[in-house]
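Please open the model in your viewer and keep the selection tool at hand.

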Amino acid sequence: MFSLVFKSNASINLNIHSYEQLIAKSEDYNHKNNITGFLIFHKGHFLQLMEGEETKIRLLYDIIRLDSRHTDCILVSTENVHSRMFNSWSLFFDDMYSSNKDIATSEKRKQFDNLYHNSNIINSFGKTKYALWIEVNTLFNLETPAYSLL
């Protein structure tokens with residue numbers, strides 16, 4: 001089992017229609033390829049953890065890096081792990097459709113804490129869970145959105 005964490009910014013050509021296509025295609029691809037993890041979309045920034053067979057995860061990351069809907073793609077962590085940290089793939093903190101774009105950060109932190117502590121990640125060893133924790137907290141501390149989605 002292999003895990004990979006990356007972060008990126010949404011490009012300015014990401015609109016609601018292309019975002020919906022991205023999510024639908026991702027869910028289908030991940031299901032077919034036995035990829036789990038989660039994606040956070042917050043204030044125009046993406047943070048994603050993917051886990052599965054190493055060749056499939058690396059291929060998917062290469063595809064994402066070249067996707068015009070992402071900019072400034074940065075690899076945060078890669079690691080061989082003993083078991084999955086998440087049993088499924090989840091979209092998390094999706095503020096694309098929210099009528100309240102400024103959902104309290106404290107509420108988002110509670111939601112993430114709940115997901116984090118109720119997943120298999122608590123029983124995992126290694127750097128992935130720490131990298132993920134640090135990046136999520138960094139993301140929640142951002143005051144300025146990458147840009148406003150159309």
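**Starting point: aspartate 72**

Select aspartate 72, which counts as exposed because its relative accessibility is 54%; here buried means under 20% relative accessible area, exposed over 50%, and partly exposed in between, with a 1.4 Å probe and protein chains only. Aspartate 72 is found in strand β4. Its backbone shows a positive phi of about 50°, although the residue is not a glycine. Helices (H or I, at least four residues) and strands (E, at least two) are DSSP runs, numbered from the N terminus.

This is a predicted model, in which local features need pLDDT of at least 70 and side-chain atom pairs count only at pLDDT 80 or more, while totals for chains, interfaces and linings use all residues. Residues are numbered from 1 along each chain as its sequence is written, and side-chain values use heavy atoms, with hydrogens and water left out.

**The whole chain**

Next, display the protein chain as a cartoon. Its secondary structure comes to 4 helices and 5 strands, and along the sequence the pattern reads β-α-β-β-α-β-β-α-α. Of the 150 residues in the protein chain, 45% are buried. The accessible surface, from the Shrake-Rupley method with a 1.4 Å probe and, for residues, only the protein chains shown as cover, comes to about 8,000 Å², and 53% of it belongs to carbon and sulfur atoms. A contact means heavy atoms within 4.5 Å; among contacts between residues at least 6 apart in sequence, 80% join residues at least 24 apart.

Now colour by pLDDT, the predictor's confidence in each residue on a scale from 0 to 100. The mean for the protein chain is 78, and 71% of its residues reach 70 or more. Confidence is highest in α2, at 95, and lowest in strand β5 (residues 89-92), at a mean of 62. Where pLDDT is low, the predicted coordinates should not be read in detail.

Return to strand β4 (residues 70-80) and select isoleucine 74. Isoleucine 74 counts as partly exposed because its relative accessibility is 42%. Leaving aside residues up to four places away in sequence, isoleucine 74 touches Val5, Phe6, Lys7 and Tyr61. From isoleucine 74 to asparagine 9 the C-alpha to C-alpha distance is 9.5 Å, although the two are 65 residues apart in sequence.

Which rings should be shown next? The structure holds 1 aromatic pair. Phenylalanine 6 and tyrosine 61 form this pair, which is tilted, at 5.5 Å centre to centre and 55° between the planes. Phenylalanine 6 lies in strand β1 (residues 2-10) and tyrosine 61 in helix α2 (residues 54-66), so the pair ties together parts that are 55 residues apart in sequence. Rings of Phe, Tyr and Trp (its six-membered ring) pair if their centres lie within 6.5 Å; planes under 30 degrees apart count as stacked, over 60 as edge-to-face and the rest as tilted. Both phenylalanine 6 and tyrosine 61 are buried.

**The nonpolar cores**

Show the side chains of Phe38, Leu47, Leu132 and Val136, which have the most contacts inside the largest nonpolar core, a set of 13 residues. Such a core consists of buried Ala, Val, Leu, Ile, Met, Phe, Trp, Tyr and Cys residues joined through side-chain atoms within 4.5 Å. The elements that give two or more residues to this core are β2 (36-42), β3 (45-52) and α4 (128-140). Of these, α4 gives the most, with 4 residues. Apart from this core lies another, of 9 residues, among them Ile35, Met50, Tyr61 and Ile64.

**Helix α4**

Select α4, whose 13 residues reach 18 Å from the first C-alpha to the last, close to the 18 Å expected at 1.5 Å a residue; the expected span is 1.5 Å times one less than the number of residues. Its buried residues include Thr128, Lys129 and Phe140.

Within helix α4, pick leucine 139. Leucine 139 is buried, with a relative accessible area of 7%. Apart from residues up to four places away in sequence, leucine 139 touches Ile40, His42, His45 and Leu47. Leucine 139 and histidine 45 are 94 residues apart in sequence but 7.8 Å apart in space, C-alpha to C-alpha.

**Two loop residues**

Finally, select asparagine 34, in the loop between α1 (16-32) and β2. Asparagine 34 has a positive phi of about 55° although it is not a glycine. Then move to asparagine 87, in the loop between β4 and β5. Asparagine 87 is exposed, with a relative accessible area of 65%.
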